Amino acid sequence: MGKVYLVGAGPGDPGLMTIKGHGLLACADVVIYDALVSPEILQMINPKAEKINAGKRMGRHSLLQEDTTQLLIQKAQIHHIVVRLKGGDPFIFGRGGEEMIELMAANIPVEIVPGITSGIAAPAYAYIPLTHRLYSSSVTFVTGHEAAGKYKPAVKWTALAQGSETIIIYMGIHNLPYIIEQLNLGGLSLQTPIALIRWGTTPQQEQLIGELGNILDKIAASNFSAPAIAIIGNVVHIHQLLSHKT
Ligand SMILES: C[S@@+](CC[C@H](N)C(=O)[O-])C[C@H]1O[C@@H](n2cnc3c(N)ncnc32)[C@H](O)[C@@H]1O
């Protein structure tokens with residue numbers, strides 16, 4: 001019986017992979033990886049390992065979640081080191097929790113190796129600290145794309161508008177019109193700054209900066225598209241302070 005390691009690959013820059021994760025990739029027997037894992041990180045994998053792409057992106061599922069879990073169980077029954085490699089951090093909107101529960105239910109030993117989540121790293125590379133004593137003392141990570149069958153029906157965007165000074169939205173680009181409407185209903189002004197970042201921490205990183213009131217027009221004018229992280233709140237002003245100095 002082997003062991004499954006749920007490893008966070010970080011947001012894209014291979015330098016942000018943890019030493020522990022790197023070591024596991026180098027000696028893995030099998031690696032099952034997701035779509036957003038960068039090619040440079042895939043090159044860290046033991047050349048003799050079996051590599052399986054379980055990549056899933058909206059509308060393009062290469063492996064169903066149940067099949068991925070079953071595959072992990074089968075591989076752990078015949079190999080020593082099975083790495084489940086996920087973009088960012090496995091426990092932040094990465095289904096790492098679900099996979100760990102199911103593996104443990106099947107009596108497969110599992111270990112989590114956290115990664116740097118895109119919601120922290122992408123803003124950092126765009127010179128946006130998520131907290132700052134003058135701009136924000138709270139931050140919320142939230143998904144803009146909720147799974148069916150969740151224990152609660154929906155994110156309470158109107159409450160979030162009041163409850164958090166910085167809001168980081170994963171998978172939120174497609175629902176942005178609704179999210180902006182709800183945040184505005186909850187009291188967030190349409191002048192509130194917003195930044196969208198795609199390919200965060202990679203050489204292709206792109207960002208679009210605006211306000212809640214004009215970001216949808218900016219998206220339409222620029223063809224900016226998902227996947228991307230959205231950062232909402234006054235901390236986005238710090239981008240303007242720092243980016244022209246670099
Ligand atoms: C299924 S979630 C996985 C999140 C991942 N577990 C993490 O911790 O970053 C995928 C979403 O993460 C965000 N994302 C992941 N990598 C990104 C990157 N390099 N730049 C910007 N957003 C990213 C996007 O919002 C994307 O739709």
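Two strands are said to pair if DSSP finds at least two bridges between them, and helices (H or I, at least four residues) and strands (E, at least two) are DSSP runs numbered from the N terminus. The model is predicted, so that local features need pLDDT of at least 70 and side-chain atom pairs count only at pLDDT 80 or more, while totals for chains, interfaces and linings use all residues. Residues are numbered from 1 along each chain as its sequence is written, and side-chain values use heavy atoms, with hydrogens and water left out.

**View 1. An open sheet of five strands, with mixed pairing, has the order β8-β9-β12-β10-β11.** The edge strands, each pairing on one side only, are β8 (139-143) and β11 (206-211), and the twist averages 20° from one strand to the next.

**View 2. Strand β10 (residues 193-198) pairs with β11 in the antiparallel sense over six bridges.** Here A195 has I209 in β11 as its bridge partner. Helix α8 (residues 215-222) packs on the sheet, where it touches β10 and β11 (contact means heavy atoms within 4.5 Å).

**View 3. Helix α5 (residues 118-125) has G119, A121, A122 and P123 as its buried residues (under 20% relative accessible area, with a 1.4 Å probe and protein chains only).** These buried residues of α5 pack against β8, β9 (166-170), β10 and β12 (228-232), and the helix is followed by Y127, whose phi is positive, near 60°.

**View 4. I92 lies in the loop between β6 (81-86) and α4 (96-105).**

Terms used: Axes fitted to C-alpha atoms, helices over the stretch in contact; angles between N-to-C directions. Buried < 20%, exposed > 50% of the residue type's maximum accessible area, 1.4 Å probe, protein only.
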